[in-house]
Amino acid sequence: MTRRHGYALLSAIIAVIVGLSAAIYLGVAADDGSNSSNTLTGGRAPHNSAAPASTGTWVGSWSASPAGAEPGTETGGMAGRSVRNVVHASVGGTSARITLSNLYGQSPLTVTHASIAVAVTSDTAAANADTMRRLTFGGSPAVVIPAGRQVLSDAVRIVVPQGSDVLVTTYSPSSSGPVTYHPHARQISYVAAGDRTEDVTGTGYTEQTPFWRYLTALDVLSNQSDGTVVAFGDSLTDGITSGLGANHRWTDVLSQRLRSAVGSGQDLPRYSVVNQGISGNQVLADGLGRPADNPSGLLRFSRDALARTNVKVVVIDLGVNDILRNPQLADPDKILGGLRTLVREAHARGIKVVGATLMPFQGHRGYTPAREAVRQRVNAEIRSGRVYDAVVDFDKALRDPYNPRRLRSDYDSGDHLHPSDEGYAKMADVFDLDDLKGSAPAEL
């Protein structure tokens, strides 16, 4: 072979390699994760890449604690039905992943199909077709979640706008026993017969539900946030008297305040806010069952608060139910001891803790002067600075100035225990955003 022919052959080989590389690149760039169209997605096959689309920080955008086993699902569960949970993104991102829980199932939960999409508008099961994504777990579209366990999905490329409603849908062909759920969602979600996981129209979702089922977290890869604030509490944090579908819990309003303050140039950390409230929750006592419905703050703190994604600060508002639901007179020292245990656990992870005073409840059916005295003793110790790293005084902010044993009337939902939307907004408004700065001290 002459040198000229050798150069010609080499040039031809290089041209072939370049051509193949370009074809592979274009194929990957155009890959929608499926080799067939789907009529339910309007002819558009859902994108399925597990690789993050950009750099950023993984943070919690939404969460809800698994609170118990859903009554009536002991035999059939949600077998043969698509569950479309609607959740509100407190912060946006360019990729997402979810956590599914089978904590209260009595047998393995098989999920054969799962998806995520951005809702077209609020109060709908319809998805923006361009955002429909098929979720995978370890690269597979199906996953088996053992009883008592949870699973994290692979990351999927999807632009989640801050403040948007996100649709997370799962389909299970068989029953796993009781459904793990969060009963007081204050948000309408949907159910459809059959596998309609990637249905963007929402027309098959004829059943509405006030529950969140299986889904316990939505994380996003975000350039808007550097960490997560976890609000850990009872019904006052769960927001059970806030407006349905309005996102008026105090945690929602706090998230909006923090985002606005950072956007205006204030020297504050860029944090998302997620809600880990369970209605009826206590510091010390568990509910019934195995595993316990409504597990105590002590039992669930590590899982529901400390194990959330990239946690920087935990806000604790617990103790009222220990006073109201104890058939005997509650011991304030035991309540405070439990709260201090939570703080120590957080500090061991380098996480700062902001604690709330307990709000008044005169007029509620559980009120007695003796219980009021316990509340006052707990609050006095909290205000002393010997429990938390910082204190938000919800009691002072919402109590009636003429009768500090009860809520101010415009902040009262009417049951003399839970706030109105105005009351929840006030809780967020009195939160000192500077308390979110810094980390846990070496010693409290």
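This is a predicted model: local features need pLDDT of at least 70, side-chain atom pairs count only at pLDDT 80 or more; totals for chains, interfaces and linings use all residues.
Good morning. I begin with a pair of strands: strand E6, residues 113-118, is joined to E7 by two bridges, and the two run antiparallel. Within that pairing, serine 115 has arginine 134 of E7 as its bridge partner.

Six strands make up an open sheet in the order E7-E6-E11-E3-E13-E14, and their pairing is antiparallel. At its edges stand strand E7, residues 133-134, and strand E14, residues 207-209, each of which pairs on one side only.

Next, I turn to strand E16. This strand covers residues 215-222 and is mostly covered, with eight of its eight residues buried. Which strands pair with E16? One of them is strand E1, residues 57-63, which is joined to E16 by six bridges and runs antiparallel to it. In this pairing, threonine 57 stands opposite serine 222 in E16. Another is strand E4, residues 93-101, which also pairs with E16 over six bridges in the antiparallel sense. Here threonine 99 is found opposite alanine 217 of E16.

I now come to a sheet with parallel pairing. Five strands form this open sheet, in the order E18-E17-E19-E20-E21.

Let us look at one pairing in detail. Strand E17, residues 227-233, runs parallel to E18, and seven bridges join them. Glycine 227 has tyrosine 271 in E18 as its bridge partner.

Finally, I consider a helix that packs against this sheet. Helix H4 spans residues 297-306, and its buried residues are Gly297, Arg300, Phe301, Asp304, Ala305 and Leu306. As background, an α-helix has 3.6 residues a turn, so residues three or four places apart point the same way. What do the buried residues of H4 pack against? Their partners are E17, E18, strand E19, residues 311-317, and helix H6, residues 332-348.

Notes
Residues are numbered from 1 along each chain as its sequence is written. Side-chain values use heavy atoms; hydrogens and water are left out. Two strands pair if DSSP finds at least two bridges between them. Helices (H or I, at least four residues) and strands (E, at least two) are DSSP runs, numbered from the N terminus. Buried means under 20% relative accessible area, exposed over 50%, partly exposed in between (1.4 Å probe, protein chains only). Contact means heavy atoms within 4.5 Å.
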